[in-house]
Amino acid sequence: MSKLSLRTYTLLQTVTSVGLSAMAWAVTGVRPIWSGSEPSDRQRIYFANHTSHGDFILLSACLSEAERAKTHAIAAAEYWGKSRLRRFIAEDMLSSVLISRTWTSEAEHPISIMLSVLDQGHSLIIFPEGTRNTSDELLPFRSGLYNLSMARPDIELIPCWIENMSRVLPKGQFLPVPLLCRVVFGAPVAVAPGEERRAFLQRARAELLALNPRPDRDD
Amino acid sequence: MRHEISILIIGLFVVLSTASVTAAILSARAPKPLSSTLVNLTQRINAWWVMVALMTVAFFFGRYGMTILFALISFAALREFVTLTHSRRSDHWVLLGMFGIVIPFQYWLVWTAWYGLFVIFIPVYCFLLMPAITALHGDTERFLERVSAQQWAIMISVYCVSHVPALLTLNVPGFEGRNLLLIAFLIIVVQGSDVLQYIFGKLFGKHRFSPNVSPSKTWEGLIGGLVASSLLGALLAFITPFSPLQASAVAFIACAMGFLGGLVASAIKRDQGVKDWGHLIEGHGGMLDRTDSLVFAAPIFFHIVRYFWTV
């Protein structure tokens with residue numbers, strides 16, 4: 001990439017990220033609740049519940065501009081890679097990283113793609129349910145969270161409960177209803193020595209669920 | 001009108017400065033770390049400076065400023081109300097309509113002074129059509145609860161609030177072109193009553209008014225606040241079409257309604273298991289925490305003025 005277009009590219013991403021965060025605030029008044037962790041420039045993997053396209057915008061709106069610039073959401077190539085426009089929005093504007101559920105070569109392996117981002121010193125936002133959830137229960141977690149943590153044990157895994165986004169912008173809708181949202185950041189979760197994959201994933205899921213500030217609500 | 005506005009601004013400035021100085025002296029003398037009441041008091045006073053400044057700016061933009069400001073207040077209030085109450089995925093379009101159609105249309109009716117539709121658009125048309133849309137979506141789960149919450153949300157946050165800028169559309173003989181002062185009178189008296197009830201409650205409060213609903217409301221606070229704000233109303237008669245006696249009576253009714261508004265808002269919050277509506281205003285809570293009294297006072301004040309003072 002030439003110097004000029006690289007600059008345009010960075011400018012595009014900065015403008016998009018500041019603009020989207022401002023919009024997220026105007027619509028949802030989003031505010032972070034740090035409950036067990038603190039804002040930090042440490043390398044992190046944020047994992048969150050997933051009900052809406054707005055989820056990662058809300059989560060990144062809670063980070064500082066410097067953090068946001070080096071934090072990438074992991075998105076499904078099956079959806080975001082479908083057309084050139086979607087790919088442009090996902091990769092160029094939102095600087096997310098696309099992974100495929102049906103990878104064929106080793107280079108397309110989701111874990112190797114995510115590790116290569118982590119090895120540049122960047123942070124990740126992942127949705128371990130694997131898809132936008134339309135049910136009332138948090139779905140079982142996929143293995144990626146465990147595999148990433150085993151491969152890079154020094155990186156903090158931060159559970160993040162995103163509140164109300166399923167009501168603001170449910171799957172299948174494109175106009176958001178302005179409702180107040182909070183993102184609750186919990187204490188880091190780590191794989192205990194000798195802990196099995198399935199046990200860890202269940203524990204991580206329970207830690208995330210425990211952050212829901214209003215568990216009495218079924219919506 | 002310029003004369004009256006100058007007096008109001010100077011008066012508010014003096015009151016707020018006194019409050020800030022008093023809070024600073026209290027904080028300096030109090031043992032450290034400061035009690036939560038003192039910290040909250042300072043936060044509240046600071047927020048008052050911001051709110052008074054915003055109101056003053058909106059005031060200078062007249063009809064434009066007031067209509068836009070109260071449309072935004074309705075937006076923030078409605079957002080808090082809907083966030084707190086139950087809704088389901090099938091309510092998406094009705095909720096969108098409340099923000100995207102009901103608020104703009106109601107304030108357009110205020111702007112064009114179309115009184116006939118302004119008073120019935122929400123209580124008649126929205127009342128009937130919104131549940132019809134919900135029924136057409138076919139989702140009957142907790143139907144009555146969802147529909148009632150939506151009705152309450154727009155009645156409180158949009159319909160009642162819109163009566164404040166609607167005061168500008170009233171035609172009071174001999175008071176032409178000065179209707180902004182009616183808004184100033186209503187807001188100063190009602191918000192002043194909230195503050196006075198708070199002060200009297202903190203200083204003399206012993207007997208709880210309604211411990212099940214709101215532990216902070218006391219008889220001493222209520223009576224002290226109502227008497228003092230009726231006097232404040234009489235004092236402000238010079239900016240209104242009322243005589244001092246009328247002004248104190250109108251102020252009394254508005255502030256009593258305001259008290260009931262706070263009580264109802266507390267009951268809703270308690271039922272939903274929260275302490276505040278939101279976090280928009282530091283030290284106060286959400287927009288509805290600050291406007292619950294105005295919400296109940298505005299429509300009654302509007303109709304009293306309209307019935308007795310307009311032709």
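# A tour of chains A and B

Select helix α8 (residues 180-204) of chain B and helix α9 (residues 219-235) of chain B, whose axes come within 7 Å and cross at roughly 140 degrees; axes here are lines fitted to C-alpha atoms, for helices over the stretch in contact, and angles run from 0 to 180 degrees between N-to-C directions. That angle makes α8(B) oblique to α9(B), since angles under 35 degrees count as roughly parallel, over 145 as roughly antiparallel, 65 to 115 as roughly perpendicular and the rest as oblique. This is a predicted model, in which local features need pLDDT of at least 70 and side-chain atom pairs count only at pLDDT 80 or more, while totals for chains, interfaces and linings use all residues. Residues are numbered from 1 along each chain as its sequence is written, and chains are lettered from A and ligands numbered from 1 in the order in which they are written. Helices (H or I, at least four residues) and strands (E, at least two) are DSSP runs, numbered from the N terminus.

Stay on this pair: the crossing of α8(B) and α9(B) is right-handed, where a crossing is left-handed if the near helix is turned anticlockwise from the far one by less than a right angle, and right-handed if clockwise. To display the contact, pick residues including Val189(B), Leu196(B), Phe200(B) and Phe204(B) on α8(B), and Leu222(B), Gly225(B), Ala228(B) and Leu232(B) on α9(B); two residues are in contact if their C-beta atoms, placed from the backbone, lie within 7 Å. The residues of this contact divide into nine nonpolar, nine polar and one charged, with Ala, Val, Leu, Ile, Met, Phe, Trp, Tyr, Cys and Pro counted as nonpolar, Asp, Glu, Lys and Arg as charged, and the others, Gly among them, as polar.

Next, show the whole of chain B, which has eleven helices and two strands, and whose C-alpha trace spans about 60 × 50 × 30 Å along its principal axes. With 311 residues, a compact globule would have a radius of gyration near 19 Å, and the 20 Å of chain B agrees with this; the radius is taken over C-alpha atoms, and the globule rule is 2.2 Å times the number of residues to the power 0.38.

Now colour chain B by domain, with domain 1 at 1-60 and domain 2 at 62-309, bounds that come from an automatic or database domain assignment. The C-alpha centres of these two domains of chain B lie 23 Å apart, and eleven residues of domain 1 are in contact with 14 residues of domain 2. On the domain 1 side, α1 (2-29) and α2 (36-60) of chain B are the elements that give two or more residues, and α2(B) gives the most, with eight residues. By class, that side has six nonpolar, three polar and two charged residues.

Bring chain A into view and look at where the two chains meet: the contact takes 15 residues from chain B and twelve residues from chain A. On the chain B side, the elements giving two or more residues are α3 (62-84) and α4 (92-111), and the side comprises five nonpolar, six polar and four charged residues.

Finish in chain A, which comes to nine helices and seven strands and whose C-alpha atoms fill a box of roughly 50 × 40 × 35 Å, taken along the principal axes. Here select helix α6 (residues 110-118) and helix α7 (residues 144-151) of chain A, which pack at an angle of about 50 degrees with their axes 11 Å apart.
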